[in-house]
Amino acid sequence: MSYPQQGQPHQQPQPQQQAYQGGYAPAQQPQQGPVARGAGVNMKRRNPAAAWLGLPIITFGIYGLVWFFKVHNELHEYDRRIDNAATNALLSMLFGAITLGIWPLVMWVKLAGRIAQAQRAAGLQPSCSGGLGFLLGIFGFGVLYYQIQLNKVVDRYGETPAGQQVSLVA
């Protein structure tokens, strides 16, 4: 390796070229599908009807809080760019009556954004809507809608079990 002498400009290495009939052309990179941009931990696939109605009835509503906490925590573990709002989400649900129920509704809308971000990271077209989640949440169908949206991310990785490392596309 030679170093440039004083007064001579430093030259960058040239890209490798391939010969073809009539001269040289720059080397072409092979075309690939989506390129992995990182890794995360796969989330748990849950039965939407059980998360929405079955388990909350059996546990007198406690499972709804557990689900909300776990979903936020799993989203953060799946993609570290999604902030870990699990504790804030749980506290907003527990003490939401102090704010006349406004802060829990804000957390429901923010959850939709986090799910949409996870869908993008999985290489899917984001389909989770905060407005629709908000409206369905008012009528009691929010958990059902959000769990269906979360399962789209989990299904993207096929039979990969929960807690297993998976690659992120975006």
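Predicted model: local features only at pLDDT ≥ 70, side-chain atom pairs only at ≥ 80, totals over all residues.
How do the residues of the lining of the largest pocket divide into nonpolar, polar and charged?

**Stop 1: two helices**

Select residues 62-78, which form helix α2, and residues 142-155, which form helix α6. The axes of these helices come within 12 Å and cross at roughly 25°. Angles under 35 degrees count as roughly parallel, so α2 is roughly parallel to α6. The crossing in which α2 passes α6 is left-handed.

**Stop 2: the contact of α2 with α6**

Now show the side chains at the contact. On α2, select Trp67, Val71, Leu75 and Tyr78. On α6, select Val143, Tyr146, Gln147, Leu150 and Val153. Colour these residues by type: eight are nonpolar, one is polar and none is charged.

**Stop 3: the largest pocket**

Next, turn to the largest pocket, which holds about 250 Å³ of space. To find its centre, select Gly61, Gly64, Leu65, Trp108 and Val143, the closest to that centre of the 15 residues in the lining. Val143 was also selected at the previous stop, as part of the contact on α6.

The largest share comes from α2, with four residues.

**Stop 4: back to the opening question**

Colour the lining of the largest pocket by type. Ten of its residues are nonpolar, five are polar and none is charged.

Technical notes. Residues numbered from 1 in each chain as written. Heavy atoms only, no water. Axes fitted to C-alpha atoms, helices over the stretch in contact; angles between N-to-C directions. Parallel < 35°, antiparallel > 145°, perpendicular 65-115°, else oblique. Left-handed = near helix turned anticlockwise from the far one by under 90°. Contact = heavy atoms within 4.5 Å. Nonpolar A, V, L, I, M, F, W, Y, C, P; charged D, E, K, R; others polar. 1 Å grid on protein atoms, 1.4 Å probe; cavity = no way out; pocket = protein on both sides within 12 Å on 5 of 7 lines; lining within 4 Å. Points joined across faces, edges and corners; volume = space filled by probe spheres on them.
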